Amino acid sequence: MNYVQLRATDTVDMRRLLKGTMRLRPDRIVVGEVRGGEALDMLKAWNIGHPGGCCTVHANNARAAVIRIEQLIQEVSQSPMRRLIAEAIDLVVSIAMTSAGRRVQEVLSVEVDRDDYVFTDRSN
């Protein structure tokens, strides 16, 4: 398996790493935790011919995760970019802490219809 692991530091932020990643022609782009405006760069990277990627984001459930990504994008853009989000994100998996450990809580597919999200439960 070939991979390149990049880490953000005090002097190199996640946005810069995502832009640099594009020069490497990756098959997958995996982002540890999205918590700022780099969410927009990540979605743009996923939408330009790469067959997949994944990231983590802190939210209360799968629907809230999509809204959270929209909020993070608004840190760097005034428009909500719902079409971009729905084009880049196929599935959202919500994991919750239970007494038995971390468990998948729900799996939703994401689409947009007339600028509103349409979620389909894929948990079963």
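**Figure 1. Strand β3 gives the largest share of the lining of the largest pocket, seven residues.** The model shown in this and the following views is predicted. The volume of this largest pocket is about 810 Å³. Its lining is made up of 30 residues, and those closest to the pocket centre are C55, T56, V57, V92 and V93. Two or more lining residues come from each of the elements β2 (52-56), α3 (62-73), α4 (82-88), β3 (91-98) and β4 (101-113). Sorted by class, the lining of the largest pocket holds 18 nonpolar, nine polar and three charged residues.

Figure 2. Helix α1 and strand β1 (28-33) each contribute at least two residues to the lining of the second largest pocket. Of these elements, β1 provides the largest share of the lining, five residues. The lining of the second largest pocket divides by class into twelve nonpolar, four polar and three charged residues.

**Figure 3. Helix α1 (residues 14-21) packs against helix α2 (residues 38-46), with axes that come within 9 Å.** The two axes cross at roughly 15°. Angles under 35 degrees count as roughly parallel, so α1 is roughly parallel to α2. The crossing of this helix pair is left-handed. On the α1 side, the residues in contact are M14, R15, L18 and K19; on the α2 side, they are E38, D41 and M42. This contact of α1 with α2 comprises three nonpolar and four charged residues, and no polar ones.

**Figure 4. Helices α2 and α3 cross at roughly 110°.** Their axes come within 7 Å. An angle of 65 to 115 degrees counts as roughly perpendicular, and α2 is therefore roughly perpendicular to α3. The contact brings A39, L40 and L43 of α2 together with I69, L72 and I73 of α3. By class, six nonpolar residues form the contact of α2 with α3, with no polar and no charged residues.

**Figure 5. Helix α2 is shown with both of its helix contacts, to α1 and to α3.** Residues E38, D41 and M42 of α2 face α1 in the contact, while A39, L40 and L43 of α2 meet α3. Four charged residues are counted in the contact of α1 with α2, whereas the contact of α2 with α3 has no charged residues. The α1 helix also supplies at least two residues of the lining of the second largest pocket, and α3 gives two or more residues to the lining of the largest pocket.

Conventions: Residues are numbered from 1 along each chain as its sequence is written. This is a predicted model: local features need pLDDT of at least 70, side-chain atom pairs count only at pLDDT 80 or more; totals for chains, interfaces and linings use all residues. Side-chain values use heavy atoms; hydrogens and water are left out. Axes are lines fitted to C-alpha atoms, for helices over the stretch in contact, and angles run from 0 to 180 degrees between N-to-C directions. Helices (H or I, at least four residues) and strands (E, at least two) are DSSP runs, numbered from the N terminus. Angles under 35 degrees count as roughly parallel, over 145 as roughly antiparallel, 65 to 115 as roughly perpendicular and the rest as oblique. A crossing is left-handed if the near helix is turned anticlockwise from the far one by less than a right angle, and right-handed if clockwise. Contact means heavy atoms within 4.5 Å. Ala, Val, Leu, Ile, Met, Phe, Trp, Tyr, Cys and Pro count as nonpolar, Asp, Glu, Lys and Arg as charged, and the others, Gly among them, as polar. On a 1 Å grid over the protein atoms alone, a cavity is a set of points where a 1.4 Å probe fits but cannot get out, and a pocket is an open set with protein on both sides within 12 Å along at least five of seven lines; lining residues have an atom within 4 Å of a point. Grid points are joined across faces, edges and corners, and a volume is the space filled by probe spheres set on the points.
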